[in-house]
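Here is a short report for a reader new to this structure. Take a look at the model, then read on.

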Amino acid sequence: MNKNQSYFIQINFFIAVVATAGSLFFSEVMKLPPCVLCWYQRICMYPLVLIFALALLKNTKDSFKYGLLLSLVGLSISTYHNLLYYKIIPDSIKPCSEGVSCTSKQIEWLGFITIPFLSFMAFLIITIICIMAIKQEKSDEK
């Protein structure tokens, strides 16, 4: 594994840890209950911490393939969540019919930074870094 890939793993690990800690802070400390879509995004984010931690310990680059799969699923869910939240798609197709609404405004910093937005950005950055690392690996093999 080259130096760039090691940096990519470190960055992805850091983002996954911050996103995981942030989601736990919002729910456990601030007592903001997660909606259904937030739970699905957590299901995709939490394992990324372990995947990239193991990659750091074992010095392996296979983590990008596994991380890409989970981050793409999480990115898809968070994109859908943001489209619902910002009313780009109608509320009638939201999965949150019981419990906490997927469109309820719990946090809105600077007028646009919301919990769904933070999740989207974390998954987007991890996805981009995984793609960059995989492309670099393929170019190194040539």
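Cys 35 is buried, at 4% relative accessibility. This is a predicted model, and its structure holds zero disulfides. Cys 35 is in no disulfide; the nearest cysteine sulfur belongs to Cys 38, 3.4 Å away.

## Helix α2

Cys 38 is one of the buried residues of α2. What do the buried residues of α2 pack against? Their partners are α1, α3 and α4.

The length of α2 fits its residue count. At 1.5 Å a residue, its 23 residues should span 33 Å. The end C-alpha atoms are 34 Å apart, which agrees. Asn 59 follows α2, and its phi is positive, near 60°.

## Positive phi in the loops

Most residues other than glycine have a negative phi. Lys 31 has a positive one, near 60°, and is not a glycine. Lys 31 sits in the loop between α1 (3-29) and α2 (36-58). Is Lys 31 buried or exposed? Lys 31 is exposed, with a relative accessible area of 62%.

Lys 87 also has a positive phi, about 60°, without being a glycine. Its place is the loop between α3 (63-85) and α4 (115-141). Lys 87 counts as exposed, at 54% relative accessibility.

## The largest pocket

The largest pocket has a volume of about 480 Å³. How many residues line the largest pocket? The lining has 25 residues. Ala 19, Gly 22, Ser 23, Leu 118 and Ser 119 lie nearest the centre.

Three helices, α1, α2 and α4, each supply at least two residues of this lining. By type, the lining divides into 18 nonpolar residues, six polar and one charged.

Note on methods
Residues numbered from 1 in each chain as written. Predicted model: local features only at pLDDT ≥ 70, side-chain atom pairs only at ≥ 80, totals over all residues. Heavy atoms only, no water. Helix = DSSP H or I, 4+ residues; strand = E, 2+ residues; numbered from the N terminus. Buried < 20%, exposed > 50% of the residue type's maximum accessible area, 1.4 Å probe, protein only. 1 Å grid on protein atoms, 1.4 Å probe; cavity = no way out; pocket = protein on both sides within 12 Å on 5 of 7 lines; lining within 4 Å. Points joined across faces, edges and corners; volume = space filled by probe spheres on them. Nonpolar A, V, L, I, M, F, W, Y, C, P; charged D, E, K, R; others polar. Expected span 1.5 Å × (residues − 1). Contact = heavy atoms within 4.5 Å. Disulfide = S-S within 2.5 Å.
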